[in-house]
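Please look over the structure below before reading on. The paragraphs that follow lead through a few of its local features, one after another.

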Amino acid sequence: MESQRSSSTPNRLPMARPGTGTTDKSIQLLTYHFKVSINPRSITDVYFYQYNVSLAYEDGHPAIAKDLREKAMNKVHETYRTELDGMHFAYDGEKSLYTIGALPSKKLKFMVVLEDSSSNRGSTSSNIDSSNYESDRKRLRRPYQSKAFDVEISFAAKFPMNSILSPSHGRSSEQFQDAIQVLDIILKEHAAKRGCLVVRQSFFDNNPRNFIPLGSGVLGCRGFNSSFRTTQGGLFLNMDVSNTLIIQTGPVSDFLLSNQNVRNIHGINWNKARRMLKNQRIKTSHTNAEWKITGLSERPCREQKFLMKQRNEGPDGGEVIQTVEVTVYDYFVQHRNIRLDHSANLPCINVALLIGFLAKVYQGIVSSAEIITCGEIATKPATAYGSLTKVLKSGNEQELYPQNGRWNFNNKKLAQPTTVGPWLVTSFSTDCYLRRLILDLIKCAKMKRISMENPTSIFTEIPQYMRESAPIRVDKMLIMMRSQCRQPPKFILCVLPQKKNCDIYGPRKQRYLSDFGVPTQCISPSGKVNDQYLTNLLLKINANLGGFNSLLNMGYCSSPGLVSSEPTLILGMVVSHGSPGQAMPSIAAVVSSRKWASISNYRAAVRTQSPKLDMIDSLFQPQPNSEDTGIIRSALMDFYQTSWSRKLELIIIFRNGVGDSQFSQVLNIELEQIIQACKLRDEQWHPKFMVIVAQKNHHKRFFQNGSSSSPPNVPPVSSLFFTISRATKLIAANS
């Protein structure tokens, strides 16, 4: 079904923005967008050329390491400047290279030699006896000497430079995203040439003033994120502050002592050290070569062996090369003449080859090439305009206005308060006065019109279990609850011993909510619990139990409008991924409005999908019996049942967390699934669609226009327009 679906995928494009909408009062804001001025005539006949890059060792194995590829391409530019007609290029570190104008030939082949090319060449095993070791060893037998690489550059595509200007003029262009990518690569290479550490589109200058010691051998580094953006006002350079963590340079042993806060190296937890050191870069002190750590050996230096080639004199007086097995300790002491006083009984660091514990943690700096382009960048930030948001309505039709950029429900009633049925309290903390907290919470709930009686039971953890693991502590609490509760509670308030990084939170959430379906709310009160704390707590409890804290001023649209004039379904969609390096499924979540014309009541659906898959693949899932088990079908049925059996005429889709290069995928993959789900219900049904995308990592900051060194927060605004909003990312479709 996937192949059939992909073969018929349409090619929808975002439509040009027809204009701007305004409502209520307009305010002026400042943003870190800097205007890029380009003379259209100067780039009329200028083209970006894209080339594919193939880089391999002499034996044909591909060179995978990004830093190694960048060094090789810099060597190509330096060595073969004449063959390249003196042209500069921008290289993305992977498979693409860009130039302004064509290279002398559509296919070029070069051979370059790098000195001390000791980077990790792809995936290597830490097991010296693995089947892959022999082929790796042949390529790595001279790791500290020169190495030759074959480079092939072949033509892939070309696109006009003036495609950068197309979106700002309201015209859709298929190549403008490629052109913007070239400009971003130029930014990265320019920063790298100045000696900056480059992390995606963030640049960190190697200046001690930018480093902040955070303890545990880690430094905080301040830098900038910069990228080009096309907007209604033209092409802008978008700047933002950025922060990253780096490991403090020094001996590996010193770093581990600081990281684990131990006094001597014999107190190091090597399992923790293995996780911390993996993928870090080091520079060995005896060769000054760079390596990437893949792990630690299971055996100490005295016992860890590897195969080494050794030249000996043969019976006939000739030279014979023999393979001998030696320990890492003997190699350094006998062949390198390096004493290992403290490292003999420590693990070895696994890289491309095993080396002893003689290394420094090292942060590599990537070199760069140059490329020439046209244009000037303004030095003053851009001005944007925003429309102030409408007020909220709380209980008794009270109007709620933001103050100092915040919504405050203190001394306000809730719009639709709920009833807290039989509930109980579980406490894993010994520092909380529960009786006073419960009385104050019930008193505050009555002020918010929440019906909340005294808890049926209060359970405190038995002291003898406090030293057990978190799952055991949670299970012991559940056993105690079941033995004393006659009926299951409707809500559980859980008091945790600490606010952040509490190991009880995860097991408790799984057991209470996932296994038993009981809504819960965690708290970790520290110090005095005031009315503001209790109000914020009740807002969460009321929402968890199905109540409404507030409604938009247009929560039930009585006046004619887009949503109230015709039956409209509002969808919100997002995909969440696991942490880098974890092979866990991604989570797709979709909320859908119900009880039209309410815009405050939503149904939620959650599905798992393949790891790192950005597009939701479970919106439409047709079955052999003409049924559909996708998310959209359930949303359509729920809307129909809760909206007086009215058939939809408009579907508004809010898609969160989409990158610049994924707009077309939202239109041609996800929207197509929604259209197919509608057609399966009724072939003659043709609702209208509107797709609104909230980008991820947009790196936009706004400030009120003023001379103060610390400008106040921007007041809540319902829309931003003019100057910095996109000219073509208005997406609408009609099936």
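**A walk through the model**

Ile212, Leu214 and Leu245 together make a nonpolar surface patch of about 290 Å². A patch here is built from residues with over 30% relative accessible area and no salt bridge, like charges being joined within 9 Å and nonpolar side chains (Val, Leu, Ile, Met, Phe, Trp, Tyr) within 5 Å; a salt bridge is a side-chain nitrogen of Lys or Arg within 4 Å of a carboxyl oxygen of Asp or Glu, and accessible areas come from the Shrake-Rupley method with a 1.4 Å probe, where for residues only the protein chains shown count as cover. This is a predicted model, in which local features need pLDDT of at least 70 and side-chain atom pairs count only at pLDDT 80 or more, while totals for chains, interfaces and linings use all residues. Residues are numbered from 1 along each chain as its sequence is written, and side-chain values use heavy atoms, with hydrogens and water left out.

Leu245 belongs to strand 12, which covers residues 234-247; helices (H or I, at least four residues) and strands (E, at least two) are DSSP runs numbered from the N terminus. Leu245 counts as exposed because its relative accessibility is 57%, where exposed means over 50%, buried under 20% and partly exposed in between (1.4 Å probe, protein chains only).

Elsewhere, 5 strands form an open sheet in the order 4-5-3-7-6, with antiparallel pairing. Strand 4 (90-91) and strand 6 (107-114) stand at the edges with a single partner strand each, so one side of each has no neighbour in the sheet. Helix 2 (residues 66-79) packs on this sheet, touching strand 3 (47-57), strand 4, strand 5, strand 6 and strand 7 (147-160), a contact being heavy atoms within 4.5 Å. The direction of helix 2 makes about 110° with that of strand 6, with axes fitted to C-alpha atoms, for helices over the stretch in contact, and angles running from 0 to 180 degrees between N-to-C directions. Strand 4 pairs with strand 5 (residues 96-100) in the antiparallel sense over 2 bridges, pairing being assigned if DSSP finds at least two bridges between two strands, and Ala90 stands opposite Tyr98 in strand 5.

The backbone also deserves a look. Most residues other than glycine have a negative phi, and most peptide bonds are trans. Asn261, although not a glycine, has a positive phi of about 55°; Asn261 lies in the loop between helix 5 (252-260) and helix 6 (270-277) and is exposed, with a relative accessible area of 70%. Trp596 and Ala597 are joined by a cis peptide bond, with omega about 15°.
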